[in-house]
Amino acid sequence: MFELLGIPPQALFGQLLLGLINGSFYAMLSLGLAVIFGLLNIINFAHGAQYMMGAFVAWMLGNYLGLGYWWALVIAPVVVGASGIVIERLMLSRLYHLDHLYGLLLTFGLALIIQGLFRNAYGVSGMPYTAPPVLAGGQNLGFMFLPNYRAWVVVASLVACFGTWFLIEKTRLGAYLRAATENPTLVGAFGINVPRLITLTYGFGVGLAAFAGVLAAPIYSVNPNMGADLIIVVFAVVVIGGMGSIMGAIVTGFGLGIIEGLTRVFYPEGSAVVIFVIMALVLLVKPQGLFGRPV
Amino acid sequence: MAEAARAAQTAPLLAVRDLEGWYGESHVLHGIDFEVQEGEIVTLLGRNGAGKTTTLKAIMGILPRRSGSVQLSGRELIALPSRTIARAGIAICPEERGIFSSLSVEENLMLPPRVLPGGLSVERIYELFPNLRERLSSQGTKLSGGEQQMLAIGRILRTGAKLLLLDEPTEGLAPVIVQQIGRTISQLKREGFTIVLVEQNFRFATSVADRHYVVETGKVIDMIPNADLDANIDRLHSYLGV
């Protein structure tokens with residue numbers, strides 16, 4: 001076998017794959033945050049908790065109702081998205097005329113409450129959730145072993161991200177959403193129900209987080225803290241990509257996952273901080289983010 | 001004059017009565033009264049800050065705090081949200097044009113939903129504004145000022161709204177574009193649209209309108225039919241300070 005800069009290819013490609021997997025979650029979560037922030041002006045700190053809820057709903061469906069992974073992939077985003085709609089209607093909608101900070105504080109508080117409730121009920125040790133048998137096993141590609149489930153996660157995440165991109169950039173509904181992000185008053189004056197659009201957008205963003213949570217359930221153990229660990233990195237990804245940019249969130253999510261993976265190969269000590277170093281550099285050079293519009 | 005007399009006998013399409021409006025704590029409209037017959041073009045004239053734009057915003061329901069009465073074909077609209085007012089058949093072309101930069105020209109054009117049957121076809125809008133057809137995939141705000149204005153007017157013609165509120169459609173545009181917009185507005189009148197026009201360009205206003213309402217410090221203080229303009233020109237000039 002060949003070696004690259006003294007690194008065995010198994011290690012290199014293994015870390016690249018891991019980076020791609022992490023990048024899949026960064027992309028899906030930062031995409032949801034970007035969509036929500038764009039229209040609602042809310043920095044949704046509950047996003048990590050809602051991702052965790054997705055994984056837990058999948059686990060509960062399996063444990064209590066005997067519904068498997070594929071059901072969970074559909075039901076969990078709908079259930080968690082619906083809980084997001086309730087939160088938007090009852091609480092967030094009262095904050096839109098206030099500063100960003102209030103939405104951030106509210107969703108941060110909600111995240112703490114949700115995580116606390118799940119910690120109280122299920123502990124912190126985590127529960128196993130197995131991938132469906134059809135996705136068990138893997139492929140030996142010669143230079144590396146590719147687990148089927150991980151390949152599926154990357155594909156599903158790409159489909160979810162580009163599906164969302166298509167919905168927002170290429171459809172009539174997406175045009176309403178983009179227009180309402182720019183000027184909600186005028187969009188309302190054209191006869192479009194902007195409050196309902198806002199509610200559905202929040203529900204969609206939350207549902208996307210839950211979808212990511214279901215995808216994550218068989219990889220990471222289903223744990224009340226799984227979202228809290230991830231969301232800090234995701235916020236750094238959003239800052240790097242630029243708040244409110246759809247393609248920026250996707251590209252930055254995958255790109256940073258891969259950069260993180262490569263760092264783990266070439267300079268393992270730096271892998272935990274590389275994203276934050278990049279964030280600091282981007283903030284110095286281009287404060288609006290790589291794909292953000294100038295403010 | 002016979003036409004005006006006949007119109008006066010029928011119920012107005014738009015009747016604004018004692019309309020008051022506020023920006024936050026500041027009381028801007030102090031009882032606006034005017035009416036518009038179906039098929040008429042009426043202007044609101046007045047100095048800067050008189051309350052003309054605010055009146056259009058209050059009719060459209062985008063001024064948050066307002067009171068009084070705005071009736072469209074006898075239906076009271078004052079307490080309704082702007083999206084419901086739009087669906088009753090009123091459409092606005094705002095002063096700042098409101099072209100969306102994250103939407104293409106075509107998306108901007110297709111954005112306002114059809115609220116009533118009978119709007120112009122997209123093909124007809126391209127006939128009125130041929131420039132738009134060539135720029136469909138451009139970013140909305142990459143158009144020239146004149147083209148943006150055509151887009152802002154064109155997109156509300158599709159919706160089926162019969163009452164158009166146009167806020168300073170000629171502001172900052174070259175004379176040749178102003179003429180084109182003037183011809184289009186006259187054409188729209190022939191096609192049955194009713195138009196309330198806020199205008200600083202007095203000559204433009206007199207070239208298209210049937211009647212002029214003079215607004216001063218949030219009140220309508222006079223009405224001058226365009227046909228009687230010559231006899232009242234000094235009075236109007238003194239109102240406008242020109």
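What share of the contacts in chain A between residues at least 6 apart in sequence join residues at least 24 apart? Hello everyone, that is where I would like to start. The share is 77%, where a contact means two residues whose C-beta atoms, placed from the backbone, lie within 7 Å.

A word on ground rules. This is a predicted model, in which local features need pLDDT of at least 70, side-chain atom pairs count only at pLDDT 80 or more, and totals for chains, interfaces and linings use all residues. Residues are numbered from 1 along each chain as its sequence is written, while chains are lettered from A and ligands numbered from 1 in the order in which they are written.

The predictor gives the complex an ipTM of 0.89 and a pTM of 0.87. For chain B the average pLDDT (the predictor's confidence in each residue, from 0 to 100) is 90, and 96% of the residues score at least 70.

Let's look at chain A. You can find 11 helices and 2 strands in it; these are DSSP runs numbered from the N terminus, with helices (H or I) of at least four residues and strands (E) of at least two. Starting from the N terminus, the order is α-α-α-α-β-β-α-α-α-α-α-α-α. The C-alpha trace spans about 65 × 50 × 35 Å along its principal axes. A compact globule of 295 residues would have a radius of gyration near 19 Å, and chain A agrees, with 19 Å. That radius is taken over C-alpha atoms, and the globule rule is 2.2 Å times the number of residues to the power 0.38.

In chain A, 47% of the residues count as buried. Buried means that 20 or more other C-beta atoms lie within 10 Å of a residue's own; 12 or fewer is exposed, in between is partly exposed, and C-beta atoms are placed from the backbone.

Helix α2 of chain A, residues 47–64, has 13 of its 18 residues buried.

Helix α6 of chain A, residues 172–182, has buried residues including Tyr176(A) and Leu177(A). What do the buried residues of α6(A) pack against? In chain A they meet α1, α5, α7 and α8, and in chain B they meet α4.

That brings us to the two chains together. Contacts link 18 residues of chain B with 13 residues of chain A. On the chain B side, helix α3 (residues 82–88) gives the most, with 4 residues.

Chain B also has an open sheet of 4 strands, in the order β2-β1-β4-β5, with antiparallel pairing; strands pair if DSSP finds at least two bridges between them. β2(B) and β5(B) stand at the edges with a single partner strand each, so one side of each is left without a neighbour in the sheet. Between β1(B) and β2(B) there are 8 bridges, and Ala15(B) stands opposite Glu35(B). In their hairpin, Gly24(B) takes a positive phi near 55°.

Is Gly61(B) buried or exposed? Gly61(B) is buried, with 25 other C-beta atoms within 10 Å. Leaving aside neighbours within four places in sequence, its contacts include Leu77(B) and Ile85(B).
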